[in-house]
Amino acid sequence: MRKHLFILPFLTTALLTAYAQTPLNRLDSLYFDGDVEAASVYAEKVLNDPNQSASQKKAVSAYLEMRRFLTDTTLSGREKRTGLDACLPLAEEAATSDPVCADAWYARALNRMFAANMVREFSSLEAITAAKDDFIRAINADPNHFGSLAELSGIYGHMPELITFGDRSTAVSLSKQLYAIRGTKRDAQQLVSLLLRRDWSLRKREKELPSQESAFAAAKSPFEAAAAFEGSPEAETLFGEPADDRTEAARISEKFHLTPSEIDGENAWSRDF
């Protein structure tokens, strides 16, 4: 879902300066955007920067090791998991030695999330819960830590309802905070998806009515799927006027020209949520 980001060489210095206080946020974004070369240059500068704290450097080092194991196509799943486990002590050392270093908590949380994603079993919920707590610690250390805001809103919004921390209202609130701080197309995609998920979950009883089944099955977009039902209550929106979740999602989607496939790679109007 994340597209390649091509960064021209003359922009590198400006980007390094702009994100000097959030190196792991920036490094993580570069990796996920597919610009590994720019990520490598950036990481080297961060690790050699005398102004970066020891905890920051440990957090970045732990992240680089995690990425190395995850992207090594010669390793088996078991070997990758063993590699992730080996990276955890460095992330933990960074977090415990400097509790106000948001990136240190973020690195430890990512380690747990990566490990949980490799174990498709109910037991992985323990790792996800631990990651959730670390993302919260990162946000407490830095309320504008956009990496943690993005991950935490995803945990709250996309986990099944049976999980105690599945909370779509909290997810929407965190995603709106992220959107206000950064406001990228990726942030818009996540916010629209979460708004639609919350809107849909509030109408679960109505969607099971026989008269609505055919309309739901024939829907070609999340907005069409939602149109037959009552919808979520109106509340204050990013646009400064009350609207329901579906209306706000439609406005954001229109602003960024989002297509249905861009709203949620797992189908934003799936029955499963």
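A second case involves R137, whose charged end sits over the ring of W105, 5.3 Å from its centre. The model is predicted, so that local features need pLDDT of at least 70 and side-chain atom pairs count only at pLDDT 80 or more, whereas totals for chains, interfaces and linings use all residues. Residues are numbered from 1 along each chain as its sequence is written, and side-chain values use heavy atoms, without hydrogens or water.

Helix α4 (residues 54–71) has 18 residues and reaches 26 Å from its first C-alpha to its last, close to the 26 Å expected at 1.5 Å a residue; the expected span is 1.5 Å times one less than the number of residues. Helices are DSSP runs (H or I, at least four residues), numbered from the N terminus. Among the buried residues of α4 are A59, Y63, M66 and F69, buried denoting under 20% relative accessible area with a 1.4 Å probe, protein chains only. The buried residues of α4 pack against α2 (23–32), α3 (36–47), α5 (77–97) and α6 (102–117), with contact taken as heavy atoms within 4.5 Å.

The whole structure contains 3 aromatic pairs, defined by ring centres within 6.5 Å, with planes over 60 degrees apart counted as edge-to-face. One of them, Y31 with Y63, is edge-to-face at 5.8 Å centre to centre and 65 degrees between the planes. This pair joins helix α2 to helix α4 across 32 residues.

Definitions and conventions:
Helices (H or I, at least four residues) and strands (E, at least two) are DSSP runs, numbered from the N terminus. Buried means under 20% relative accessible area, exposed over 50%, partly exposed in between (1.4 Å probe, protein chains only). Rings of Phe, Tyr and Trp (its six-membered ring) pair if their centres lie within 6.5 Å; planes under 30 degrees apart count as stacked, over 60 as edge-to-face and the rest as tilted. A charge sits over a ring if NZ of Lys or CZ of Arg is within 6 Å of the ring centre and within 35 degrees of the ring normal.
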